[in-house]
Amino acid sequence: MRISKMWKAVVAGVVAGAGSVSTALADDTITAAEGWAAGLAVLAALGFTWAVPNRQAATPPRDL
């Protein structure tokens with residue numbers, strides 16, 4: 001299964017943002033600081049995930 005670098009980063013950003021927003025909604029409001037934290041979590045997840053290369057598939061050994 002091939003997952004492109006773009007979709008891997010998008011999923012990581014969505015998960016980071018959802019986790020941050022769900023924590024911020026514990027008191028039923030989102031403050032400006034919590035909003036900034038959620039935005040920075042999304043950007044950090046996108047950037048770090050984009051920077052890490054996908055593992056290359058192992059080539060099977062050749063029979064001699």
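Entry 1. Serine 20.
I began with the neighbours of serine 20. Leaving aside residues within four places in sequence, I found serine 20 in contact with Ala37, Ala38 and Ala41. I am working from a predicted model. I then looked up where serine 20 sits. It is in helix H1, which covers residues 5-24. Is serine 20 buried or exposed? Its relative accessibility is 18%. Buried means under 20%, so serine 20 counts as buried.

Entry 2. Threonine 49.
Next I turned to threonine 49, which lies in helix H2. I noted the span of H2 as 32-51. Which residues does threonine 49 touch, once neighbours within four places in sequence are left aside? I listed Lys8, Ala9 and Ala12. I also checked the cover of threonine 49. Its relative accessible area is 18%, so I wrote it down as buried.

Entry 3. The whole protein.
I stepped back to the overall picture. How many helices and strands does the protein have? I counted two helices and zero strands. The radius of gyration is 18 Å. The globule rule gives 11 Å for 64 residues, and 18 Å is well over that, so the protein is more spread out than a compact globule. I also noted the box that the C-alpha atoms fill. Along the principal axes, it is roughly 65 × 20 × 10 Å.

Then I looked at burial and contacts. Of the 64 residues, 12% count as buried. I took contacts between residues at least 6 apart in sequence. Of these, 77% join residues at least 24 apart. The protein exposes about 5400 Å². Carbon and sulfur atoms supply 69% of that area.

Entry 4. A nonpolar patch.
I looked for nonpolar side chains on the surface. Which residues form the nonpolar patch? I found Met6, Trp7, Val10, Val14, Leu40, Leu43, Leu46 and Trp50. Together they have about 800 Å² of accessible area. I checked which helices contribute. H1 and H2 each supply at least two residues of the patch.

Methionine 6 has its place in helix H1. Its relative accessibility is 41%, so it counts as partly exposed.

Entry 5. Aspartate 28.
I moved to the loop between H1 and H2, where I found aspartate 28. Is aspartate 28 buried or exposed? At 66% relative accessibility, aspartate 28 counts as exposed. I then checked the backbone. Aspartate 28 has a positive phi of about 70°, although it is not a glycine. I made a note of why I stopped here: most residues other than glycine have a negative phi.

I looked up alanine 32, which is found in helix H2. With 58% relative accessibility, alanine 32 counts as exposed. How far apart are the C-alpha atoms of alanine 32 and alanine 44? I noted a separation of 18 Å. The two residues are twelve apart along the chain.

Glycine 47 was my last stop, and its place is also in helix H2. Its relative accessibility is 39%, so I put it down as partly exposed. I took the distance from glycine 47 to alanine 33, C-alpha to C-alpha. These residues are 14 apart along the chain, and their C-alpha atoms are separated by 21 Å.

Definitions and conventions. Residues numbered from 1 in each chain as written. Predicted model: local features only at pLDDT ≥ 70, side-chain atom pairs only at ≥ 80, totals over all residues. Heavy atoms only, no water. Helix = DSSP H or I, 4+ residues; strand = E, 2+ residues; numbered from the N terminus. Buried < 20%, exposed > 50% of the residue type's maximum accessible area, 1.4 Å probe, protein only. Contact = heavy atoms within 4.5 Å. Patch = residues over 30% accessible without salt bridge, like charges linked within 9 Å, V, L, I, M, F, W, Y side chains within 5 Å. Areas by Shrake-Rupley, 256 points an atom, 1.4 Å probe, with all protein chains shown as cover. Salt bridge = Lys/Arg side-chain N within 4 Å of Asp/Glu carboxyl O. Rg over C-alpha atoms; globule rule 2.2 N^0.38 Å.
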